[in-house]
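These are notes for a colleague who is opening this entry for the first time. Please keep the sequence and the 3D view at hand while reading.

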Amino acid sequence: MDIETVRSYCLDKKGVTEELPFGPDTLVFKVLGKMFALLPLDESDLRVSLKNTPEKNLELRAENPGIQGAYHMNKKHWSMFLMREGIASNLLKECINDSYDLVVSGLTKKLKTELAAL
């Protein structure tokens, strides 16, 4: 999976925008203003940081050495996927979906209504 494939996959989700709130080196994907994925642009190797439950993050890290606590993020809630370590594309897509769904589930009722109307 390459950076453009990850970017397109994230942007295809309902209500998603991309921003550079931390400077020009990190692309951040948000659903109605809430982050669900980070994609560093200054790395030679593709890496993606995604949100998940603490339990799921522990499980993912135990099963795959290419998944670790996300750099500069709360490692309890965020994991970084190092694609050079052979992480399967379908696993990354599943985890992108999980991250998006987790963030959507935490939106206010008003924002959920707004998202449904898009």
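1. The structure is a predicted model, and local features are considered where pLDDT is at least 70. Side-chain atom pairs count only at pLDDT 80 or more, whereas totals for linings use all residues.

2. The largest pocket. Its volume is about 310 Å³. The lining consists of 13 residues. Those nearest the centre of the pocket are Thr 26, Leu 38, Pro 40, Tyr 71 and His 72. Two elements, β3 (34-40) and β4 (47-51), each give two or more residues to this lining. By residue class, the lining holds 6 nonpolar, 3 polar and 4 charged residues.

3. His 72. This residue, one of those nearest the centre of the largest pocket, sits in the loop between β5 and β6. Is His 72 buried or exposed? With a relative accessible area of 66%, His 72 is exposed, because the cut-off for that class is over 50%. The backbone of His 72 also deserves a look: its phi is near 65 degrees, which is a positive value in a residue other than glycine.

4. Leu 32. A positive phi in a non-glycine residue is found here too, with a value near 45 degrees. Leu 32 belongs to the loop between β2 (26-31) and β3.

5. Salt bridges in general. Side chains of opposite charge can pair when their charged atoms come close. How many salt bridges does the structure hold? The count is 6.

6. Glu 18 and Arg 7. The side chains of these two residues form a salt bridge, with 2.5 Å from N to O. The pair connects distant parts of the chain, as Glu 18 is in strand β1 (residues 16-19) and Arg 7 in helix α1 (residues 3-11), 11 residues apart. Glu 18 has a relative accessible area of 30% and is partly exposed. Arg 7, at 26%, is partly exposed as well.

7. Lys 56 and Glu 59. Here the salt bridge has an N to O distance of 3.6 Å. Why can these two residues be described as about one helical turn apart? Both are in helix α2 (residues 54-63), and they are 3 residues apart there, so about one helical turn separates them. Glu 59 is partly exposed, with a relative accessibility of 38%.

8. Arg 84 and Glu 85. A salt bridge joins this pair, and the closest N and O atoms are 3.6 Å apart. The relative accessible area of Arg 84 is 47%, which makes it partly exposed. Glu 85 is likewise partly exposed, at 41%. Elsewhere, salt bridges with shared partners bring Glu 4, Arg 7 and Glu 18 together in one network.

9. A nonpolar patch. Which residues make the nonpolar surface patch of about 230 Å²? They are Ile 3, Leu 20 and Leu 41. Leu 41 is in the loop between β3 and β4. Its relative accessibility is 38%, so Leu 41 counts as partly exposed.

10. Gly 86. The loop between β6 (78-82) and α3 (89-105) contains this residue. Gly 86 is exposed, at 61% relative accessibility. From Gly 86 to Leu 107 there are 21 residues in sequence and 33 Å in space, C-alpha to C-alpha.

11. Lys 75. Where does Lys 75 lie? Its place is the loop between β5 (67-69) and β6. Lys 75 is partly exposed, with a relative accessible area of 43%. Asn 57 is 18 residues away from Lys 75 in sequence, and the C-alpha to C-alpha distance between the two is 8.6 Å.

12. Arg 47. This residue is part of strand β4, one of the elements that give two or more residues to the lining of the largest pocket. Is Arg 47 buried or exposed? The relative accessibility is 16% and Arg 47 counts as buried, because the cut-off for buried is under 20%. The C-alpha atoms of Arg 47 and Lys 93 are separated by 13 Å, and the two residues are 46 residues apart along the chain.

Terms used: Residues numbered from 1 in each chain as written. Heavy atoms only, no water. 1 Å grid on protein atoms, 1.4 Å probe; cavity = no way out; pocket = protein on both sides within 12 Å on 5 of 7 lines; lining within 4 Å. Points joined across faces, edges and corners; volume = space filled by probe spheres on them. Helix = DSSP H or I, 4+ residues; strand = E, 2+ residues; numbered from the N terminus. Nonpolar A, V, L, I, M, F, W, Y, C, P; charged D, E, K, R; others polar. Salt bridge = Lys/Arg side-chain N within 4 Å of Asp/Glu carboxyl O. Buried < 20%, exposed > 50% of the residue type's maximum accessible area, 1.4 Å probe, protein only. Patch = residues over 30% accessible without salt bridge, like charges linked within 9 Å, V, L, I, M, F, W, Y side chains within 5 Å. Areas by Shrake-Rupley, 256 points an atom, 1.4 Å probe, with all protein chains shown as cover.
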